[in-house]
Amino acid sequence: MNSYVPPKVWTAPTQGSGQFANINRPVSGATHDKALPVGKHPLQLYSLGTPNGIKVTIMLEELLALGFSGAEYDAWLVRIGEGEQFSSGFVEVNPNSKIPALLDVSGEQPQRVFESGNILLYLAEKFGALLPQDVAGRTETLNWLFWQMGSAPFVGGGFGHFYAYAPEKFEYPINRYAMETKRQLDVLDRLLATRPYVAGEAYTIADIAIWPWYGQLVRGELYQAGEFLAVHEYPHLQRWAELIAARPAVVRGRKVNRVMGEGPKVAERHDASDLD
């Protein structure tokens, strides 16, 4: 078998392959001028119903369920497959050109917030909810929030890419990332054998961050890889995944900015009635 030999200096291929070849590039910045729309609500979300996008819509729906009217939001669809994340308006909100991105227009000056974990933290602190106030509880919650942010790329960009999206399937990368994904599932399963929620007795932004990736994965809803990864081996994680999936705010949040896959889809959300 021929092995790839890296060149002395890497250059981008002139012809890409794979599902995302048309939007992958080695430079940042805008590719076209287009302003972002701004709706009537205090919070403007620009996103897509991927696991990272779902984190934020679930968070917003949880805040609304708790009675925080200031968490009302407009959710605008960003079609990443068409390169809409490279518009000049989106790049102003997130220079890294990744969804989700949030614009808080409730104050004197708009505040941009990007990176999904930071958006969860920002909203939790803004409304004083879903993040414990005591030092121990807050620290444990943030332990797992940052664990998710550092670990999920191995599941998505690693396992998910080579198992589900790569134009050719190779044993080495699939084995490498399947092993790491199962190790992470085991981390969570052992943790959830000792407590009802990720950070302890209370539902927090740690659960909201982790469920769209690992909860959906063990429910067979991510990459259709449940059988391949033998997710039945993680009963405590499955118990938690079903508990979170049944929350009304999670049911609602999962619909928003969703345009693919099975289940109810609401491409954009501008009023609570849009989810009815």
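Guide: Start with Glu61 and Arg252. Their side chains meet in a salt bridge, with N to O at 3.1 Å (a side-chain nitrogen of Lys or Arg within 4 Å of a carboxyl oxygen of Asp or Glu). The two partners are 191 residues apart and link distant parts of the chain: Glu61 sits in helix H1 (residues 51-65), Arg252 in helix H8 (residues 248-255). Helices (H or I, at least four residues) and strands (E, at least two) are DSSP runs, numbered from the N terminus.

A word on the source. This is a predicted model, where local features need pLDDT of at least 70 and side-chain atom pairs count only at pLDDT 80 or more, while totals for chains, interfaces and linings use all residues. Residues are numbered from 1 along each chain as its sequence is written, and side-chain values use heavy atoms, with hydrogens and water left out.

Back to the pair. Glu61 has 4% relative accessibility and counts as buried (under 20% relative accessible area; exposed is over 50%, partly exposed in between, with a 1.4 Å probe and protein chains only). Arg252, at 23%, counts as partly exposed.

Glu61 has another partner. Arg269 forms a salt bridge with Glu61, the closest N and O atoms being 3.6 Å apart. Arg269 lies in the segment after H8 and Glu61 in helix H1, so this pair ties together parts 208 residues apart in sequence. Both Arg269 and Glu61 are buried.

Arg269 also reaches Glu72. In that salt bridge the closest N and O atoms are 2.8 Å apart. Glu72 belongs to the loop between H1 and strand E2 (73-77), and Arg269 to the segment after H8, so parts 197 residues apart in sequence are tied together. Glu72 and Arg269 are both buried. Through shared partners, salt bridges join Glu61, Glu72, Arg252, Arg269 and Asp276 into one network. The salt-bridge count comes to 15.

Arg269 has a ring contact as well. Arg269 lies over the face of Tyr73, at 4.1 Å from the ring centre (NZ of Lys or CZ of Arg within 6 Å of the centre and within 35 degrees of the ring normal). Arg176 lies over the face of Tyr177, at 5.6 Å from the ring centre.

Next, ring against ring. There are 11 aromatic pairs. The rings of Phe159 and Tyr163 have centres 4.9 Å apart and planes at 15°, so they are stacked. Rings of Phe, Tyr and Trp (its six-membered ring) pair if their centres lie within 6.5 Å; planes under 30 degrees apart count as stacked, over 60 as edge-to-face and the rest as tilted. Phe159 and Tyr163 are 4 residues apart in helix H4 (residues 135-165), about one helical turn. Phe159 is buried at 0% relative accessibility, whereas Tyr163 is partly exposed at 23%.

Phe159 also stacks with Phe228: 6.0 Å centre to centre, 20° between the planes. Phe159 is in H4 and Phe228 is in the loop between H6 and helix H7 (235-245), so the pair ties together parts 69 residues apart in sequence. Phe228 is partly exposed, at 42% relative accessibility. Ring pairs link Phe159, Tyr163, Tyr165, Tyr223 and Phe228 into a cluster.

The loop between H6 and H7 also holds Ala230. Ala230 has a positive phi of about 50° although it is not a glycine. At 15% relative accessibility, Ala230 counts as buried.

Now H6 itself. H6 covers residues 205-218, 14 residues in total, and spans 19 Å from first C-alpha to last, close to the 20 Å expected at 1.5 Å a residue (the expected span is 1.5 Å times one less than the number of residues). 14 of the 14 residues are buried, so H6 is largely enclosed by the rest of the structure. A kink of about 60° lies at Trp211, shortly before Pro212; the bend at a residue is the angle between axes fitted to the seven residues ending there and the seven starting there. At the start of H6, a side-chain oxygen of Thr204 comes to within 3.1 Å of the backbone nitrogen of Ala206. Just after H6, Gly220 takes a positive phi of about 75°.

One more loop, between helix H2 (88-93) and strand E3 (101-104), contains Pro100. The peptide bond from Ile99 to Pro100 is cis, with omega near 0°. Ser97 lies in the loop between H2 and E3 too. Phi of Ser97 is near 55°, a positive value in a residue other than glycine. Ser97 is buried, with a relative accessible area of 6%.

Key: A polar contact is a pair of N or O atoms within 3.5 Å; within protein, one must be able to donate a hydrogen and the other to accept it, and residues adjacent in sequence count only if both atoms are side-chain atoms.
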